[in-house]
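Student: I am new to this model. Please give me a close look at one part of it, the contact between chains.

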Amino acid sequence: MSELVVLLSEWLQTLAGGAEPWASYARYLPRILDGVWLTLELIVVSGLIGLAIALPIALMRITHNPWLWMPAYGYIFFFRGTPLLVQIFLVYYGLSQFESLRETGWLWTEVLSQPYWCAIIAFSLNTAAYSAELLRGAILAVPRGEIEAARSLGLPRATQYRKIILPRAFGIILPAYGNEVILMLKGSALASTITLLDLMGATRNVIARTYMNMEFFLLAGFLYLLMAAVLIGLFRVAEHFINAHRRVPRRKAAGLK
Amino acid sequence: MDLQGFGHLLLSGTWVTLQLAFTSLFFGLMLGLAGAAAAISPIAPLRWLATTYNTLMRGIPELLLVLIIYFGATELIERITGSFVEINAFVAGVAALSIAFGAYATEVFRSALLEIPKGQREAAVALGLRRWDTFRRIVLPQLWRVALPGLGNLFLVLLKDTALVSVVGLDDLMRQAYVAAGFTKLPFTFYMAAAGIYLILTIISMQVIQRLERWANRGYQGARA
């Protein structure tokens, strides 16, 4: 794959024939593509971890037990009320303040002092708070009749959630979650502030070598837009299949009486 | 929490953050209104412009926007005028944040404008009000009521996005926390303090927004049982 990119880069360079900014675009293509890849990786990994954290938090949030909903409320409030940049710095720089953490050996050297994992941790915790709030709304929006039907069938509470409520809630959440993923894509640019070479980081790196500010910032902007468009498209497709019951009938059918 | 004598630095940073947030809010609202007017205007190129603005800003990270304006605009001015003009981080921050705010506010205002019954405007025309008076006296007061919840959310987002401007060296709350953390080697303490201040600002803003909403809805309260 990477050899192919290098070949493509060389071919594009000869094609550009020294005309700027195309020649520089071609020369730094492998770096920029690595950045795109890292950005996507950050979103997907922290998105999945975030969803896994969001589910228990959303469930805690809708209970009436104050020992459960209050911590969930506090978590959501903290992560939605503070800037993502503060959260990233809290994880990446902040944790080093604790002597006991620095002496945990493997956990410290391989995970908590690595910018990659710090970014993943911060993004996951952040998106988990937003997703939990979406999920809570979706669970509460599941039509009452469906829950009553499940109850009258004698399904245990856990089964009600697993088979009826949660699948419905995931369908309801989907459009709003698509928005959240786009916000995560935009937020992922902050990974560059803790030395990661995501698309933003790679772009700044290239600019430091070429001094071509505008050209590469605009290229990055274009690539972010492209990624956003692809993600929006993917969510449209997912919605088409998951929310099949809500598909709008084709226009042809509208004429039939 | 012992702030090692850096408390006043955080407070001065908070003041800069607030100035940044409110200045951007003002210009953002202007841009949003202009964007919404363009989005519903009968002139097609204006509508395209509004759509393009909206789509672009939804997909581009705010951090990139801050950097484009801070570094890019300097370069652009240099290319045009031939002289190096350094753009102040505050100005760049206000420009970036209001452009981002304006894009989302365009949507909020657009849907709010569509909510106002057509009869209201027709009544104003029938009374012989001029276009500008119709907008100022009939449309705008009602626009507020519908747009406030959406704008409130956007302001909370804006407040948090101000932290991004610290990346280009503006001495806001985030940057002061960074400086203090570097000096004292107590990063967790200072970032937590900054987080606490952002939370307090968020809570205050939420209270104010709630009051504004109640005030804007004062004519409607009796109608709902």
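Tutor: What follows is a walk through the contact between chain A and chain B.

This is a predicted model, in which local features need pLDDT of at least 70 and side-chain atom pairs count only at pLDDT 80 or more, while totals for chains, interfaces and linings use all residues. Residues are numbered from 1 along each chain as its sequence is written, and chains are lettered from A and ligands numbered from 1 in the order in which they are written.

Start with chain B. It has eight helices and zero strands (DSSP runs numbered from the N terminus, H or I of at least four residues for helices, E of at least two for strands). In sequence order the pattern reads α-α-α-α-α-α-α-α. The C-alpha trace of chain B spans about 70 × 55 × 25 Å along its principal axes. Chain B has 225 residues, and 38% of them count as buried (20 or more other C-beta atoms within 10 Å of the residue's own; 12 or fewer is exposed, in between is partly exposed; C-beta atoms are placed from the backbone). Now take the contacts in chain B between residues at least 6 apart in sequence: 78% of them join residues at least 24 apart.

Next, the contact itself. Chain B gives 31 residues and chain A gives 27 residues (two residues are in contact if their C-beta atoms, placed from the backbone, lie within 7 Å). On the chain B side, the elements that give two or more residues are helix 2 (44-59), helix 3 (62-81), helix 7 (173-184) and helix 8 (187-216) of chain B. Helix 8 of chain B has the largest share, 10 residues. By class, this side of chain B has 23 nonpolar, four polar and four charged residues (Ala, Val, Leu, Ile, Met, Phe, Trp, Tyr, Cys and Pro are nonpolar; Asp, Glu, Lys and Arg are charged; the others, Gly among them, are polar).

Look at one helix pair across the contact. Helix 12 (residues 213-242) of chain A packs against helix 3 of chain B at an angle of about 150°, with the axes 9 Å apart (axes are lines fitted to C-alpha atoms, for helices over the stretch in contact, and angles run from 0 to 180 degrees between N-to-C directions). The two helices are therefore roughly antiparallel (over 145 degrees; under 35 is roughly parallel, 65 to 115 roughly perpendicular, the rest oblique). Their crossing is left-handed (the near helix is turned anticlockwise from the far one by less than a right angle; clockwise is right-handed).

Which residues meet here? From helix 12 of chain A come A:Asn213, A:Met214, A:Phe217, A:Ala220, A:Gly221 and A:Tyr224. From helix 3 of chain B come B:Leu64, B:Leu67, B:Ile68, B:Phe71, B:Gly72, B:Glu75 and B:Leu76. By class, this contact has nine nonpolar, three polar and one charged residues.

Stay with B:Leu64. Leaving out residues up to four places away in sequence, B:Leu64 touches A:Ala189, A:Met200, A:Phe217, A:Ala220, A:Gly221 and A:Tyr224. B:Leu64 also belongs to the largest nonpolar core, which has 119 residues (buried Ala, Val, Leu, Ile, Met, Phe, Trp, Tyr and Cys residues joined through C-beta atoms within 7 Å). Those with the most contacts inside this core are A:Val86, A:Ile88, B:Leu64, B:Val66, B:Ala177 and B:Ala194. The largest share of the core, 15 residues, comes from helix 8 (residues 115-141) of chain A.

Two of those names return at B:Met174. This residue lies in helix 7 of chain B. B:Met174 is buried, with 26 other C-beta atoms within 10 Å. Apart from neighbours within four places in sequence, B:Met174 is in contact with A:Pro83, A:Leu85, A:Val86, B:Ala163, B:Ser166 and B:Ala194. B:Thr162 is 12 residues away along the chain, and its C-alpha atom is 8.6 Å from that of B:Met174.

Finish at two loops. B:Lys185 is in the loop between helix 7 and helix 8 of chain B. Its phi is near 60°, a positive value in a residue other than glycine. B:Lys185 is exposed, with 9 other C-beta atoms within 10 Å. A:Tyr211 is in the loop between helix 11 (199-210) and helix 12 of chain A. Phi of A:Tyr211 is near 60°, again positive in a residue other than glycine. A:Tyr211 is exposed, with 9 other C-beta atoms within 10 Å.
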